Amino acid sequence: MPATTEKEKENKTGALDIIFRSQHRSLKALLNRGNKSSSELSNSSNGGTSSQLIDCLSAFANSVVARCSKILQIPTQELQQRFETELPEGVKQPSSYAKNFLEFCSYLALFQLSRIPDYLSKKEFRRLSYDVMLAWEAPDAESESLTKETTSGSNQQSEDEDGWSLFYSSSTKTAVQVDEEKTVGPEAFARIAPACAAVADIITVHNLFEALTSSSGHRLHFLIYDKYLRSLDKVIKSAKNAPGPTLFSNLQLVEGEIILDIDGTVPTQPVLQHVGISAWPGRLTLTNYALYFESLGVGLYDKASRYDLATDMKQVIKPELTGPLGARLFDKAVMYKSTSVSEPVYLEFPEFKGSSRRDYWLDICIEILHVHKFIRKYNLREVQQSEALARAILGIFRNRAVREAFHIYLSQYKSLLAFNLAESLPGGDLISEALYKCLALLNTSAIQDDVPVSSSAEQNLKIFPVSLFTLSRHGLILQKEAVMNGEAMFPVGDVWVGETNPLEMAVKQSIWHKGKAEAAQATVEQVKVEGIDTNVAVMKELLFPVIVCAERLQLLASWEDPLKSTVFLLLTGFVIISLVMLSCRHFNKGKPLEAFRVTPPPHRSAVELLLALQDGISQIEGIIQDGNIILLKIRAILFAMLPQATDTVAFLLVFAALILAFCPIKYITILILVEAFTRQMPLRKDSSDRLVRRVREWWIRIPAAPVQLIKTDSKKKKKK
């Protein structure tokens, strides 16, 4: 069986290599032709770039292909000839010929447009990318009647910035009602948008579509898509222009460190840093390596405090309550804790309503933390590391663009941040593994256009770091060498003509399991109750069988039946004393008894003691609340709220009972010890971590049993 599996994997890998090499040769050759000088194009005949209709395409798809042909300066007939001769047979089947040919032409044209500076601000790019999605949904000649209405899509909207912001101040539903153009569905968006790495990531493209269409019936209108691209262009330009001379000198950024966002510069939206019971306003800056906080002095910012996110320092970043003098009052802060700081640092984002600022900064900080954990886990170096960072940076830009344009907050399962999503989705580790395999194929050694490609060079053709090149085209340089070597190449990335990327397959598989996890998490949120007294009451009801056993033990301790109490006391005492004596005899072996060593706690003021007491009560309440959820999930398993989970637990219990019945205890003990002490071995660490993750994901999908709080009548109590 293992040999068969390896052969199948080799066959699949070989097939993907053949598809990729053939597509890469075709795309590279076409781009070389499209990059001719203007003098050569003017000397060519006028019919050299004339476009004729393709019989199998619809009218609108033909118009889109003609526009692609004009951008590439290549006739449509030559595009079709290259498609038929240089791409594999699997993508030229009659049922998918039109759609795949449209992808072939549009990927080339979009890449050519993306080489223009500030292409996101160009109407031609925004309109063409949207029209390609429209044509992708109805590429065949049979669907020509369905696409006639979209031929007017080339008419450009010419509203200025003030008009756009005024128009979008109302609901986006109004935008759909004003214009009767066709709208785009999720499949077309997921197939075309990732062709441009700045517009969408194949890991989060489905969540991006849901965010853009949340108020328009889950169909994407051009006005919404155009507003998103305008916002994205504004965000990237602001990141490019962020490091002014003063800020750069204060932060002392290293080469390849890019500023992603800045907050605290507006007096009405300050950022407060809490350390102990002191707080100070200042400016907060996030880069792809660290957080920087500059305290506000007398008209100037003090030296920045750096909180590392790249090095493994056991960092913990989570939401936290904060307030004046360390009081836990407002849920608007982010806590940072690591081995590099002596005590936790709290960054508060004050605002009148909600905690959207805090949630946004929490997400992007955790995204940087997760991408560096991913880099360390798979030991990525040089261009692979830069490509992973570039993917995370572009995800943060997209998240910021959607937030600023539509004021939408996304849950953990609908995040636009790729590495956060891989951590939260069930089976997200499969996404991480698929992404690592894609990064392992990266190659930036450019093959010169004038040098013939040998057979050995063809076998070594690999995917290129499209995210890294995208950042470089926008003026954000992570690795200069990679940009210089790869600028002449066609960056084949996450979307392939007529084929499904393995990364895309892993994402679809994880999304399929997302629904159950969301439903189970909703039940957990429903059974969470506020107040320590209410949580204690819930726990008492859940622990009723245990309480009954405790009452029986208490009955024995009360000596109401002296005989039973005496027997129980003697047996328990003998067992405890025997165990203590045996353990002392085995471990001490005549050693003198050492004295206890007690370190007294540091002296605290009355205010600090009250705050510590408040914090302790909050922690106890949280522990009781988590215990209630565990007990409610166990109750749900016992009463078969989720039959599959109940069957699994029952089978495991029966299996454990059989092992205990037929296997000697000494062998079970040896097996447990071996498993515990070899769990973190290099050979077992990955499989152990994967098993723990699967168990955690299984536990998350178990719903919590419902709880009904019955309020007692206080008037009846007073009468009694």
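**Exercise 1.** Are F189 and F209 buried or exposed?

*Solution.* This is a predicted model, in which local features need pLDDT of at least 70 and side-chain atom pairs count only at pLDDT 80 or more, while totals for chains, interfaces and linings use all residues. Residues are numbered from 1 along each chain as its sequence is written, and side-chain values use heavy atoms, leaving out hydrogens and water. With buried meaning under 20% relative accessible area, exposed over 50% and partly exposed in between (1.4 Å probe, protein chains only), F189 is buried and F209 is buried too.

**Exercise 2.** Work out why the pair F189 and F209 is called tilted.

*Solution.* Rings of Phe, Tyr and Trp (its six-membered ring) pair if their centres lie within 6.5 Å, and planes under 30 degrees apart count as stacked, over 60 as edge-to-face and the rest as tilted. By this rule there are 16 aromatic pairs. The ring centres of F189 and F209 are 5.6 Å apart and the planes stand at 45°, so this pair is tilted. Finally, ring pairs join F189 and F209 with Y130, F222 and Y225 in a cluster.

**Exercise 3.** Find the charged end that sits over the ring of F222.

*Solution.* A charge sits over a ring if NZ of Lys or CZ of Arg is within 6 Å of the ring centre and within 35 degrees of the ring normal. For F222 the charged end is that of R127, 3.9 Å from the ring centre.
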